[in-house]
Amino acid sequence: MAKKAFEYKEIKDNGDILQIRVWRVEKSEKQPDGVSYSMVYIRNGERLIGHDNFEGHAKGGSNHHRHIEDRVFPYEFVDEWKAIEDFYIEIEKARQRGLI
């Protein structure tokens, strides 16, 4: 059974949404790290940046991946706190590129 470990949601003045959710789950073949997470930055109802480990996106043995606009990239998961840090780094890179 999943147990919420961390949740944060911020709605920016311009309506952008930043949301982070982390759950502790039983370790399994699908979730060998015992963690399930979703981190997303949304503008106008569209995901601009996302990090998660839900099935169906990653190729190979890991479900950890990140979304940048409409592209999906593998993500090397260390732990949930590093994933959150990397998510914020990705947001800053998007700001520097003018995406956000």
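Is lysine 4 buried or exposed? Select lysine 4: this residue is exposed, with a relative accessible area of 53%. Here buried means under 20% relative accessible area, exposed means over 50%, and partly exposed lies in between (1.4 Å probe, protein chains only).

**Before going further**

This is a predicted model, in which local features need pLDDT of at least 70 and side-chain atom pairs count only at pLDDT 80 or more, while totals for chains, interfaces and linings use all residues. Residues are numbered from 1 along each chain as its sequence is written, and side-chain values use heavy atoms, with hydrogens and water left out.

Colour by pLDDT, the predictor's confidence in each residue, from 0 to 100. The chain averages 90, and 93% of the residues score at least 70. Among the elements, strand 2 (residues 17-24) has the highest mean pLDDT, at 97. Strand 6 (residues 71-74) has the lowest, at 92. Helices (H or I, at least four residues) and strands (E, at least two) are DSSP runs, numbered from the N terminus. Where pLDDT is low, the predicted coordinates should not be read in detail.

**Stop 1: salt bridges**

The term requires a side-chain nitrogen of Lys or Arg within 4 Å of a carboxyl oxygen of Asp or Glu. Glutamate 7 is partly exposed, at 38%.

Next, select glutamate 10 and lysine 12. This salt bridge has an N to O distance of 3.1 Å. Glutamate 10 is partly exposed, with a relative accessible area of 25%. Lysine 12 is also partly exposed, at 22%.

Then go to glutamate 92 and arginine 95, where the N to O distance is 3.7 Å. They are 3 residues apart in helix 1 (residues 80-96), so about one helical turn separates them. Glutamate 92 is partly exposed at 37%, and arginine 95 is partly exposed at 36%. A search of the whole structure finds 8 salt bridges.

**Stop 2: helix 1**

At 1.5 Å a residue, its 17 residues should span 24 Å. The expected span is 1.5 Å times one less than the number of residues. The end C-alpha atoms are 25 Å apart, which agrees.

Which residues of helix 1 are buried? Select Glu80, Ala83, Ile84, Asp86, Phe87, Glu90, Ile91 and Ala94. They cover an arc of only 165 degrees around the axis, so they sit on the same side of helix 1. The arc is that of the directions from the helix axis to the C-beta atoms.

Bring the strands back. The buried residues of helix 1 pack against strand 1 (3-11), strand 2, strand 3, strand 4 and strand 5 (65-68). Contact means heavy atoms within 4.5 Å.

**Stop 3: the largest nonpolar core**

Select Tyr41, Ile49 and Phe87. Of the 19 residues in the largest nonpolar core, these touch the most other members. Such a core is a set of buried Ala, Val, Leu, Ile, Met, Phe, Trp, Tyr and Cys residues joined through side-chain atoms within 4.5 Å. Strand 2, strand 3 (35-43), strand 4 (46-52) and helix 1 each supply at least two residues of this core. Helix 1 gives the most, with 5 residues.

Zoom in on phenylalanine 87. Not counting residues up to four places away in sequence, Phe87 touches Leu18, Ile20, Met39, Val40, Tyr41, Ile49, Gly50 and His51.

**Stop 4**

Select serine 36, in strand 3. Serine 36 is buried, at 8%. Beyond residues up to four places away in sequence, its contacts are Arg21, Val22, Trp23, Val25, Gln31, Asn53 and Phe54.

Move to histidine 67, in strand 5. Histidine 67 is buried, at 2%. Draw a C-alpha to C-alpha distance from histidine 67 to valine 40: 8.8 Å in space, against 27 residues in sequence.

**Stop 5: two loops with positive phi**

Select asparagine 44, in the loop between strand 3 and strand 4. Its phi is near 50 degrees, a positive value in a residue other than glycine. Asparagine 44 is exposed, at 73%.

Finish on glutamate 69, in the loop between strand 5 and strand 6. For glutamate 69, phi is near 50 degrees, again positive in a residue other than glycine. Glutamate 69 is partly exposed, at 42%.
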